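Here is a short report to read beside the model. Please keep the viewer open as you go.

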Amino acid sequence: MSTQSRITRLSSRPRRWAITAVSALLLGSAALAGLSYADDAPGRGGHHRSMHGPMTPEMTAKHIDKMIEHVLPDGTAEQKAKVKVIATAAAADMKTLRDQHRAAHEQMVSLLSQPTIDRAAIEKVRASQVQNADQMSRRMTTALADIAEVLTPAQRLKAAEHFKHRMEHMGPMGDGKR
């Protein structure tokens, strides 16, 4: 093997790993974006919200099934089952974390509407919100990595291309507004 071909082969390995990693993150981000708002009330969250209040567990399960069929149409039954387990657990955990976020938000509004401002209490709520956001981020990242491991590299690349195309048409906030 020539030195040039060895260099070319070695230099393409990091690029392939980077493409795979980015693909996994894109796939997971887009796939679970719907889950993070799967049970939101009207007016909150993205386009996946229910128009009639929080989603029931049955509605969330149906949403997850639809997401899996859309994101992984060529997946095996085993892959789809594994992704469903991961997504269902993530959706349940995210619901709990979002409920905590909403409660803290309501507490902050209450504190800020008092005749006397209690800066220590406000700071305590702010700090809890930062901790909650970190927990949400960690949970989503774990789910994304778990889902990425279920897919083949080719499926991750295909999904990444799909979501790249979708994001180009949806705008920066995923709301269809550019």
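## A first look at His162

Is His162 buried, partly exposed or exposed? His162 has a relative accessible area of 33%, so it is partly exposed; buried means under 20% relative accessible area, exposed over 50%, and partly exposed in between, using a 1.4 Å probe and protein chains only. His162 sits in helix 5, which covers residues 153-170. Although 91 residues separate His162 from Val71 in sequence, their C-alpha atoms are 8.4 Å apart in space.

## About the model

This is a predicted model, in which local features need pLDDT of at least 70 and side-chain atom pairs count only at pLDDT 80 or more, while totals for chains, interfaces and linings use all residues. Residues are numbered from 1 along each chain as its sequence is written, and side-chain values use heavy atoms, leaving out hydrogens and water.

The average pLDDT (the predictor's confidence in each residue, from 0 to 100) is 77 for the protein chain, and 66% of the residues score at least 70. Please take some care with residues 21-51: pLDDT stays under 50 there, and the model has 75 contacts beyond four places in sequence for this stretch. A contact means heavy atoms within 4.5 Å.

## Overall fold

The protein chain has five helices and zero strands, giving the pattern α-α-α-α-α along the sequence. Helices (H or I, at least four residues) and strands (E, at least two) are DSSP runs, numbered from the N terminus.

Of the 178 residues in the protein chain, 34% are buried. Among contacts with a separation of 6 or more, 59% are between residues 24 or more positions apart. The accessible surface comes to about 11,500 Å², with 62% belonging to carbon and sulfur atoms; the areas come from the Shrake-Rupley method with a 1.4 Å probe, and for residues only the protein chains shown count as cover.

## Helix 3 against helix 4

Helix 3 (residues 77-112) and helix 4 (residues 119-150) have axes that come within 10 Å and cross at roughly 170 degrees. That crossing makes helix 3 roughly antiparallel to helix 4. Their contact involves 18 nonpolar, nine polar and six charged residues. Here Ala, Val, Leu, Ile, Met, Phe, Trp, Tyr, Cys and Pro count as nonpolar, Asp, Glu, Lys and Arg as charged, and the others, Gly among them, as polar. Axes are lines fitted to C-alpha atoms, for helices over the stretch in contact, and angles run from 0 to 180 degrees between N-to-C directions. Angles under 35 degrees count as roughly parallel, over 145 as roughly antiparallel, 65 to 115 as roughly perpendicular and the rest as oblique.

## Val130 and Leu151

Val130 lies in helix 4 and is partly exposed, at 47% relative accessible area. Leu151, in the loop between helix 4 and helix 5, is buried at 6%.
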